[in-house]
There are 2 protein chains.
Amino acid sequence: MNIAELANEIRCGDRRALARGITLIESSRADHRCQSLKLMELLHKASGSSIRIGLTGAPGSGKSTFIESLGMMLIGKGLRVMVLAIDPSSAYSGGSILGDKTRMDRLSREHAAFVRPSPNNAVLGGVARRTREAVVLGQAAGFDVIIIETVGVGQSETVVSELSDIFLLLIAPASGDELQGVKRGIMELADLVLINKADGDLELAATRTCTDYASALRLLRKRLGDADGFPKAVTISALEERGFEDVWSGIESLTRWRQAQGLWDQRRAGQLRYWFEEELRQQLLAQMGTTKAKVELARVGDRVALGELTPMNAVEEMMTYLRSGSAL
Amino acid sequence: MNIAELANEIRCGDRRALARGITLIESSRADHRCQSLKLMELLHKASGSSIRIGLTGAPGSGKSTFIESLGMMLIGKGLRVMVLAIDPSSAYSGGSILGDKTRMDRLSREHAAFVRPSPNNAVLGGVARRTREAVVLGQAAGFDVIIIETVGVGQSETVVSELSDIFLLLIAPASGDELQGVKRGIMELADLVLINKADGDLELAATRTCTDYASALRLLRKRLGDADGFPKAVTISALEERGFEDVWSGIESLTRWRQAQGLWDQRRAGQLRYWFEEELRQQLLAQMGTTKAKVELARVGDRVALGELTPMNAVEEMMTYLRSGSAL
């Protein structure tokens with residue numbers, strides 16, 4: 001595969017080249033990994049002017065319908081939209097039951113949209129890296145908006161927030177008064193809390209839930225990078241496609257404000273630093289996973305299991321072995 | 001400090017020496033760390049005949065009252081009991097509001113009991129290591145039963161299960177019919193599910209909850225190491241001290257059965273292997289934390305933030321740097 005050519009085609013916005021590029025970065029074959037590193041080198045500076053929107057919400061909050069409605073509206077405005085999913089449940093179970101493509105039927109058929117289901121058979125660390133690289137490819141391909149979606153299992157909302165400029169939390173109206181066990185950490189990440197399904201029988205409940213979240217957001221400490229009035233909670237109806245113009249104008253004004261303050265670039269720089277350190281952690285741990293290291297690990301592990309070595313002394317032995325480079 | 005002498009005193013069951021030993025292993029000072037490694041070397045073979053009981057349960061399930069009642073009963077049988085806590089919330093918040101000692105007032109005053117609150121100001125990895133080492137000291141000091149308690153936040157229940165021979169899950173009676181959002185993973189670890197507060201108004205609810213859990217346990221796949229009738233769900237009342245003889249005879253018969261099958265030693269050997277690999281992971285990551293490594297990390301990180309290097313290429317640079325030993 002000619003990587004320079006592929007990079008050029010992606011830069012021209014060629015959808016098929018983009019799909020091939022993503023397949024390449026999703027591959028775990030060593031030669032493919034080598035080629036993707038080269039592709040990333042060629043494209044990582046082309047960050048373009050994409051707005052990256054992170055979206056999380058519990059199952060049943062209506063994420064797919066939301067993305068489809070938002071995506072269709074943006075396409076109507078002449079924008080190009082990419083959708084990526086981080087689905088840790090598929091990473092755990094080895095495959096999502098319902099592919100994301102089938103879930104966003106209308107959007108997937110649009111020429112200005114590019115919907116990519118989450119990669120299967122990968123641990124979260126792997127999914128995170130591949131999604132990060134897919135975002136870089138999407139930016140290089142000139143997408144105006146890149147939506148990165150997750151159900152928020154485990155650490156996946158942190159991963160998404162480190163990939164996005166703006167973070168949205170989608171909520172279904174609560175049956176009672178209480179906040180639906182949304183983790184405080186997720187609330188702290190959100191720029192906009194969207195209470196979905198503000199239609200029909202649920203409209204009143206949605207308004208009530210919105211008030212609850214608005215109060216909760218006021219209680220959170222003010223963060224650096226919060227424009228006036230943000231973070232805020234609003235009601236929408238993905239089904240009736242209501243509230244989307246407000247959501248988009250909110251995103252746009254937050255974008256402009258952060259760019260004017262220099263906070264936009266600052267956040268992106270911080271994210272690059274985060275991904276560097278995260279990749280480094282993965283690489284350090286990967287030293288335990290080479291064929292030779294596994295043999296040594298089992299050998300030393302046997303002596304630990306027999307009580308001949310304490311775990312800590314065994315660690316010293318393994319560290320010396322790994323530092324010597326014998327496991328490479 | 002004379003470590004050989006300290007080791008001897010601990011082996012003789014000297015409580016003050018044990019307390020000093022635990023304080024030593026909890027210290028993060030480099031010279032103390034060196035001494036604790038020596039202490040662990042001297043004592044790690046003295047695993048004795050302790051039964052290590054892991055206990056988890058949500059806040060409000062009555063863990064402290066349970067431990068106090070069980071502990072007092074065991075002391076009544078002439079056994080010596082050690083209680084350790086892994087409290088990740090204190091690790092996160094930098095200190096538990098209610099010390100564990102105050103929570104187990106009666107037990108703490110018994111000469112045959114040794115109650116140790118969880119160490120403060122430590123990350124979970126650190127808490128895990130220190131608790132593991134405290135268990136080894138307790139075994140060397142000849143405690144018959146070592147109870148390791150956690151609230152089950154994050155990964156702490158895995159940590160506890162890798163430290164214990166028998167794993168107990170404590171549950172408060174549910175108000176409704178459903179299992180109270182207990183993570184499947186915890187259910188799979190449990191040898192005994194104890195539905196507490198089977199007294200007064202809650203007795204009926206406790207019986208119902210017990211039936212629910214008994215069904216749920218039947219649905220879980222049979223594990224290697226499950227004696228006939230295990231895992232099982234039973235009702236108890238820590239307040240009225242009812243059901244404790246049954247719990248203890250259950251633990252004893254499970255112990256005898258696993259020892260006869262060779263599964264007891266097999267589990268302990270597997271745990272040693274687990275701790276070796278876990279310590280190795282910590283050590284590999286700790287390479288990023290030395291003073292020199294942090295300087296280099298910041299320097300390379302700056303270039304990543306400026307877009308001069310991709311995160312992956314920066315990782316290559318850092319790996320070369322760390323492998324060279326320059327950061328040590």
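B:Glu241 lies in the loop between strand 7 and helix 12 (244-261) of chain B; helices (H or I, at least four residues) and strands (E, at least two) are DSSP runs numbered from the N terminus. Phi of B:Glu241 is near 55°, a positive value in a residue other than glycine. With a relative accessible area of 44%, B:Glu241 is partly exposed, a class between buried (under 20%) and exposed (over 50%), with a 1.4 Å probe and protein chains only.

In chain A, the loop between strand 7 and helix 12 (244-261) holds A:Glu241. Phi of A:Glu241 is near 55°, again positive in a residue other than glycine. A:Glu241 is partly exposed, at a relative accessible area of 43%.

## Basis of the model

This is a predicted model, in which local features need pLDDT of at least 70, side-chain atom pairs count only at pLDDT 80 or more, and totals for chains, interfaces and linings use all residues. Residues are numbered from 1 along each chain as its sequence is written, chains are lettered from A in the order in which they are written, and side-chain values use heavy atoms, without hydrogens and water.

## Cis peptide bonds

A cis peptide bond joins A:Phe230 and A:Pro231, with omega about -5°. A:Pro231 sits in the loop between helix 11 (203-219) and strand 7 (232-235) of chain A.

In chain B, the bond from B:Phe230 to B:Pro231 is cis, and omega is near -10°. The loop between helix 11 (203-219) and strand 7 (232-235) of chain B contains B:Pro231.

## Helix 13 of chain A against helix 14 of chain B

The axes of helix 13 (residues 263-286) of chain A and helix 14 (residues 291-305) of chain B come within 8 Å and cross at roughly 130°. Helix 13 of chain A is therefore oblique to helix 14 of chain B; angles under 35 degrees count as roughly parallel, over 145 as roughly antiparallel, 65 to 115 as roughly perpendicular and the rest as oblique.

Residues of helix 13 of chain A, including A:Leu272, A:Arg273 and A:Phe276, meet residues of helix 14 of chain B, among them B:Leu297, B:Gly301 and B:Asp302; contact means heavy atoms within 4.5 Å. By class, this contact has 9 nonpolar, 1 polar and 3 charged residues. Ala, Val, Leu, Ile, Met, Phe, Trp, Tyr, Cys and Pro count as nonpolar, Asp, Glu, Lys and Arg as charged, and the others, Gly among them, as polar.

## Chain A overall

Chain A has 15 helices and 7 strands. Of its 328 residues, 53% count as buried.

How values were computed. Axes are lines fitted to C-alpha atoms, for helices over the stretch in contact, and angles run from 0 to 180 degrees between N-to-C directions.
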